Amino acid sequence: MAIRQLSVFIPNKPGKLAELTKLFFDEGFDIRAISVYDTADFGILRTVVSNPDKALATLAENGVVAKMSDVLAVNPEDRRGSLNEVFTILANEGISIEYVYSFVVEKGQDQYFVLQVGDIEKAEKALESHSVEVIRDI
Amino acid sequence: MIQTKIWSREETLDREQMRAIQLERLQKTVARVYENVPHYRKKFKDNGVEPGDIKTLEDLQKLPFTVKADFRDNYPFGLFSSPKKDLVRFHASSGTTGKPTVVGYTRKDMETWRELIARIVTMAGVTDEDVAQISFGFGLFTGAFGLQHGLEHVGAGVIPMSSGNTKKQIMIMQDFGTTALISTPSYALHMAEIAREMGIDPKNDLNLKWGLFGGEGSTEAMRKALNDEWGIFSTENYGMSELMGPGVAGECTALRGMHISEDHFIPEIINPDTGEVLGPGETGELVITTITKEALPIVRYRTKDITSLHYEKCDCGRTTVRMSKIQGRSDDMLILGGVNVFPSQIEEVLINTEGIGPHYQIKVFKKGHLDKIEIDVELVDANYLDSFKMLEELNRKVKANLRTVLGIDSIVNLVEPRSLQRFEGKAKRVIDMREEK
């Protein structure tokens, strides 16, 4: 099973991000990973939280538009060129990458990468056959 | 198309016959108000016109308009052409501010009203086989009583239910076998919700066939929702108490606009800014002159409703002119760089665009010398969050749809659901910042 992320609609207004993180805090969800991309008018926040099902329900109750989707998460080895290998493997398999963000699970520990790719299952298999660690639970 | 009976011979007259009847009745009406109503006599004199000047139907354009304020200024009976003794009925509009608008009917007016309602309910599909539930409020409001008289006239069984007490409405509907519902479109949608809450499927557990909706404007999206919810064929009808109440116009089953009973009302379309009379098919403010009323004939009443008139013969066989669905009120109209825009047009676009909610807020402002319109709409479908491309595509789609309907470009902002203000009463969805001096 792949990692599940939540995509949340955020209008470009001051304080909107804080409103959301406060909601997560109040409801006791841990934010494992977060990334925000924006355009002039609105942003999409992508986040990996503990208990995504409950988080999605909480967001809906609070009138926040959010979508849950599977993403690929990998833990490349901590050495030069490892990320290049990940992308090369995917490229060789013809798997498209829509976006990437990274996060650290524990201070000084491994750095995980979250990728949205065209075919998650195929990507997982390809990476694992090249001994890249795929994260299936956070 | 569902075939229905045509109630009156007058609905199929050829244009020449109709115009002859209209001229004769117009001349009588103009003479009647000139003789009996000081307000009209003075206004006609101020405009240098007298009844003898009306020699053709086009001469109607020489006469001054009547506006809502004239009713208020002549409250309660100042515009009446009949002595009080001849009146058999009074009604009044709700009047959100100050004095209500009072209207009256002679015995002959009541017969005319009954006849005109019989026409509209017949063209909407109702016959003497039907059981009609009137869910308009009975009282000073013209809607409920008007429909009652006309429905009884065609022989339908009337349930004078009045509005409110929705659960009881549903129970009676089920127990009496109601086949026709008469209400406002928004109340009908609410009733369907309540029926579902009661465990009754409006479409399969009830006998409704016809919905006759009026009293407020509605959109094609609402019509579809009503038809789907109730399993009915719905039509809308038009009227206002100043002119008689319901019965001025009604939609036939061809759904090509609302037929105006032209042997009783002469419609015109004017440019709301200049008063200039516009041609067939052109959009502007509807002006109506009543030509058979005794108690309260009204000359060139500015309805404030924006529509257009279509004279081609209808598929239903009627030859009477059709008015298109009301596009808005002339007092709601925004003029953006010379283009007329109605909030109702924007609403229709938004309701028909998937992914966004029906609520909106409009801001109009000036950028340099140019008028700009900015519309906030709520994103409701989370599926668009997969990628910016999809969100931007949605934004582009809303803009393109608005452009098609309005003919101008607008700025569209997607905002969070439930972030726009909700209104219980009359919605204030337009902020015009150009007015600030």
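This is a short tour of a predicted model, chain by chain.

Start with the complex as a whole. The predictor assigns an ipTM of 0.73 and a pTM of 0.70 to the complex.

Next, select chain B and display the cartoon. Chain B holds 10 helices and 22 strands. Its radius of gyration is 23 Å, close to the 22 Å given by the globule rule for 437 residues, so chain B is as compact as a globular protein of that length.

Keep chain B selected and switch to a surface. The accessible surface of chain B is about 19,400 Å², and carbon and sulfur atoms make up 49% of that area. Of the 437 residues in chain B, 54% count as buried. Taking contacts in chain B with a separation of 6 or more, 65% are between residues 24 or more positions apart.

Now pick out the charged side chains of chain B. There are 56 positive and 63 negative charges, and their mean positions lie 4 Å apart.

Colour by pLDDT next. Chain B averages 91, with 97% of the residues scoring at least 70. For chain A the mean pLDDT is 88, and 98% of its residues reach 70 or more.

Finally, stay on chain A and select two elements. Which element of chain A has the lowest mean pLDDT, and which the highest? Strand β2 (residues 31-38) of chain A has the lowest, at 85, and helix α3 (residues 82-92) of chain A has the highest, at 93. Where pLDDT is low, predicted coordinates should not be read in detail.

Definitions and conventions:
Residues numbered from 1 in each chain as written. Chains lettered and ligands numbered in written order. Predicted model: local features only at pLDDT ≥ 70, side-chain atom pairs only at ≥ 80, totals over all residues. Heavy atoms only, no water. Helix = DSSP H or I, 4+ residues; strand = E, 2+ residues; numbered from the N terminus. Rg over C-alpha atoms; globule rule 2.2 N^0.38 Å. Buried < 20%, exposed > 50% of the residue type's maximum accessible area, 1.4 Å probe, protein only. Contact = heavy atoms within 4.5 Å. Areas by Shrake-Rupley, 256 points an atom, 1.4 Å probe, with all protein chains shown as cover. Lys, Arg positive; Asp, Glu negative; His and termini not counted. Charge placed at Lys NZ, Arg CZ, Asp CG, Glu CD. pLDDT = per-residue confidence, 0-100.
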